[in-house]
Amino acid sequence: MEDGKAAILCSFLLLFFSGTEIFSADIYTNIWAVQVRGSLQEVKQLALKHGFTYGRHLFEDYHIFKRSELKNRSEKSASEIDRKLDLESKVEWFMQQKEKNINCCP
């Protein structure tokens, strides 16, 4: 009987500690914030080169890029796209945007 209690306790602890990750999993959007050195024309060309549509200018060298063919919401980041952006010398910084998780109930 002690083995049964231990198994239940282990199952409960596993569920408890993994449950926080299950419920707080990141949901990625098909939008990237990108910091690019260059003119607006160069930024738009870079977006097209990598299959993005140019969204808009945010401020300074920061812009919004969008990948229409990707699902609007996904639990997986688009790491291949990130890898390609990372190889671009004019790209200073980028981040695929995540959906903000708002907890409605305590």
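Trainee: What is the order of the four strands in the open sheet, and what kind of pairing do they have?
Mentor: The strands of this open sheet run in the order 2-3-1-4 with antiparallel pairing, where strands are DSSP runs of E with at least two residues and helices are runs of H or I with at least four, numbered from the N terminus, and two strands pair if DSSP finds at least two bridges between them. This is a predicted model, in which local features need pLDDT of at least 70 and side-chain atom pairs count only at pLDDT 80 or more, while totals for chains, interfaces and linings use all residues. Residues are numbered from 1 along each chain as its sequence is written, and side-chain values use heavy atoms, leaving out hydrogens and water.
Trainee: Why do strand 2 and strand 4 stand at the edges?
Mentor: Strand 2 (53-59) and strand 4 (91-98) each have a single partner strand, so one side of each is left without a neighbour in the sheet.
Trainee: How do you know that strand 1 and strand 4 pair?
Mentor: Strand 1 (residues 28-36) and strand 4 share six bridges in the antiparallel sense, and pairing asks for at least two, so they count as paired. Y28 stands opposite K98 in strand 4.
Trainee: Which residues of helix 3 are called buried?
Mentor: I81, D82 and L85 are buried in helix 3, meaning that each has under 20% relative accessible area, whereas exposed means over 50% and partly exposed lies in between (1.4 Å probe, protein chains only).
Trainee: What puts them on the same side of helix 3?
Mentor: They cover an arc of only 100° around the axis, the arc being that of the directions from the helix axis to the C-beta atoms, and therefore they lie on the same side of helix 3. The face turned away from that buried side carries the exposed residues S79 and D86.
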